[in-house]
There are 2 protein chains.
Amino acid sequence: MVTVGINGYGTIGKRVADAVAAQPDMEVVGVAKTSPDLGADGAGARGYPLYTIDDRIREFRRADVDVAGTVEELVERCDVVVDATPGGIGATYKPVYEAADTPAIFQGKEDHDLTGTSFNARANFEAAEGERYVRVVSCNTTGLSRLVAPLSETFGVEKVRATLVRRGGDPDQTGRGPINDIVPDPMALPSHHGPDVNTIFPDLAIDTLGLKVPATLMHVHSLNLELGSEPSAAEVRELFEGESRLFVVPERLDADGTGKLREYARDMGRPRGDLWENCVWGESVSVSGNELYCFQAIHQESDVIPENIDAIRAICGLASKEESMALTDESLGVGLPAVVGRERASLAV
Amino acid sequence: MVTVGINGYGTIGKRVADAVAAQPDMEVVGVAKTSPDLGADGAGARGYPLYTIDDRIREFRRADVDVAGTVEELVERCDVVVDATPGGIGATYKPVYEAADTPAIFQGKEDHDLTGTSFNARANFEAAEGERYVRVVSCNTTGLSRLVAPLSETFGVEKVRATLVRRGGDPDQTGRGPINDIVPDPMALPSHHGPDVNTIFPDLAIDTLGLKVPATLMHVHSLNLELGSEPSAAEVRELFEGESRLFVVPERLDADGTGKLREYARDMGRPRGDLWENCVWGESVSVSGNELYCFQAIHQESDVIPENIDAIRAICGLASKEESMALTDESLGVGLPAVVGRERASLAV
C-alpha cells in the first residue's frame, strides 16, 4: 500500500485525493491546504486528515477545524506527495520534498525544467518509471497528447494545428473573466501550449493558438492534423473508440456543447460531474486526403486526475503502463462513456 | 443621384440607410419594416420615410407611426433596393423587385444561387458590374475575403484553415445563446463558411470550422494560411496596413479583446460604435516558413455596410472599384483606425 499525501486541496488536489482513495494499492495519508474554507469541510466529510502550513495552524483552530500537523509532517509521513498547489508554488516546495526524501508529482503549471520529466500516461508512462520528480502536463496538453498518441502510432502525424477555445475560469473562480468577450490569449502566436506538448512528443510539429471565452464548464479544441497516411473518417473514429480515455460522443446523445456533456456526466453519476476523458464529438471527425479535422471538449478540472494516479504508479514502480491505466480506469470508472459511445447493447440492460 | 430604398430595417438595414445617406451620389427614398418598434423611432429621428407591408399599415397608424406607403410602392419609387430582410425572406421578395424592374442588393444569408453573383468590393467588384441582382456575402465571408485578396495577389494562398469563434447573438437578440457554453456550430466539419468564401474565390482551398460562444460584440477568427511564398511577418503586416478595410490593431492600444476594440470605436466617435474594418491584431501576425497565423475580430453588425454601398455603385455603374471604395471609405470614415494603426504622427495633432 503506497501512502500518498496531497499538498494543495483545490480543484485538482481534492479530485486527486478522492481518486487515490479509490485505488486498491494506495491510501490517503492526508491533505494540506492553507485556509479553513469550504474545501476543508469537504476534506472533513471524507475523513482526510488535514494539514496546513505552520503559521496557519492557529487560524484553523480558531475556525474549529482539526489540524493533523504541518505540511512538513505530511511530507514525512507519506511515501509520495502529489503537489497540487497553485502554479509556481510547487517549485518552492520541491526543497521540502527533497529534504524529506519523498518523491513527488507536480502539476502542469510548473515548468518542465522543475522535474525534467513531463508525463502523460498514454504517451510516455515509461519515461517516469524510476524518476523521483515528475510533472503531469496541463489539462490541454493532456487532451492533445491522448489524441496525438494513437494517431501517431497508427497513421503518423506530420503536423498539428490547434485552436484552443478556453474556458475563462472554473465555476468557483468568481474573479475571472472575460464577460461577453472573446480574448486571444496569448496574443502572440503560436501559443505556449505547443511547446508544452513537445515535452511529451519532442519531435512533433505543432502550432497552437488560444482564446478565452465567457464559459466555465470545459475547454473546446478545434483541431487540424496532417496525418502520415489517408485513413477514412470511420477508421479514425474507430481508433479513437478503442482508447479508454477518449470518449467519442455519439450523435444520438444530442450533446451539442459542453453544457450537455457535463449534464451527461452528472446523469451517469460521475463524482462532481467530472469527465476524465477527452470528449471527441464523433460527428465532427472529418478526413480529406491526409487532413483530419475534429472538435474535442476537455474538462479542465478533471482530465489530469487519472494521469496523476498513473504517475504515482510509474514513479513507485507499482505497475506497468497497461496495468496501471487499466486499474485506474476500473477503479474510477473511466471509459464508461466510451462504452456508451460504442453503443454496446449490454448498456441497455 | 441614385435613389435607394432599404427593405428591412434591422441590424443591417438601419446601418445601410445611414451609410447611403452619407454618400454624395445616393439618397434614401425610404426604409421598410414590419413593426412599429424601436427601430421605427430611429428611422423617424433620421427623417427616413417609413414603408411597411400592406396588412401592417393599420398597426403602424394605431401606434401613431407615420407610414409613407407599402413596400411595393417603395420599390417602385427607387432606382435600387437594398434588401436587408431576415435570411430567406429576401428570396421571397425577388419577384417583387423583378415586377418593378428595380435592381436589388441581397445579404449573405440568402443563397448564392438567388443572384448567381456574390460580392466583396476588395475581391470581385467587377463581377457585379452590370448585374441587376447581387448578394453581399456574410460578415464572416466578407472578413475572410478582405484578408485573402491581398495575400493572394502578393504572396499567393495555397490553403486557408479558419476557426470562426462566433458571437452567439447581437446585443439586441435577447433570445439567443449560448450562456456559459462553447458550442461547435456546425458540428459536422468543415463548415459551410468555406464554400461561401468560394463564391468569391472559386479556386481557393479553404476549410472552416465554427463555434458559438457567450459573447455579443464581435466574431474572432483564428487563422492559418499556407502562402505561396515565405514573407516575413513584418511584410505581411505592412501589406495589411496598406488595406483601408483592414485595421491592424497596434500593440500600444492594449486592445486585448473585442470589448476594448468596440470601446475604441466608441471613443473614436464611430456611429453605434461600429467597426467596419477587419481588426487584425498586429501582435498576432506570425509567419513560419510559408505558414501565416493571425487573429482577427469581425464586427458582425457593420463590416458588410461599406460593401453594400460599393455593390450599389457596381450594379448602377456609378464608379470603378477604386473610385467607389475610396468614396465609400471617405464618406463613412472607414480607415481612420488603420491610419492610427500605422501610428502616423499627424494623428497626434
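**Entry 1: what I have.** I'm working with a predicted model, so every value here is computed.

**Entry 2: where the chains touch.** I looked up the contacts between the two chains and got 35 residues of chain B against 35 residues of chain A. Next I checked which elements of chain B give two or more residues to that side: strand 9 (157-167), strand 10 (183-184), strand 11 (206-213), strand 12 (219-227), helix 10 (258-267) and strand 16 (291-298). Strand 11 of chain B gives the most, with 4 residues. I sorted chain B's side by class too, and it holds 20 nonpolar, 10 polar and 5 charged residues.

**Entry 3: how the copies are related.** I superposed chain B on chain A, and a rotation of 180° with 0.0 Å of shift along its axis does it, at an RMSD of 0.0 Å. So that's the relation of a two-fold axis. In chain B, Pro214(B) has the C-alpha nearest the axis, 2.9 Å from it. I also compared the two sides: 100% of the interface residues of chain B are interface residues in chain A as well, so the copies meet through the same surface.

**Entry 4: inside chain A.** The domain assignment gives me domain 1 (2-136 + 304-330) and domain 2 (139-303 + 333-348). Their C-alpha centres lie 25 Å apart. I found 16 residues of domain 1 in contact with 20 residues of domain 2. On the domain 1 side, the elements giving two or more residues are helix 1 (11-21), helix 6 (121-128), helix 11 (305-316) and helix 12 (321-332) of chain A. By class, I get 4 nonpolar, 7 polar and 5 charged residues on that domain 1 side.

Key:
Residues numbered from 1 in each chain as written. Chains lettered and ligands numbered in written order. Predicted model: local features only at pLDDT ≥ 70, side-chain atom pairs only at ≥ 80, totals over all residues. Contact = placed C-beta atoms within 7 Å. Nonpolar A, V, L, I, M, F, W, Y, C, P; charged D, E, K, R; others polar. Least-squares fit on C-alpha atoms with pLDDT ≥ 70 in both. Domains from an automatic or database assignment.
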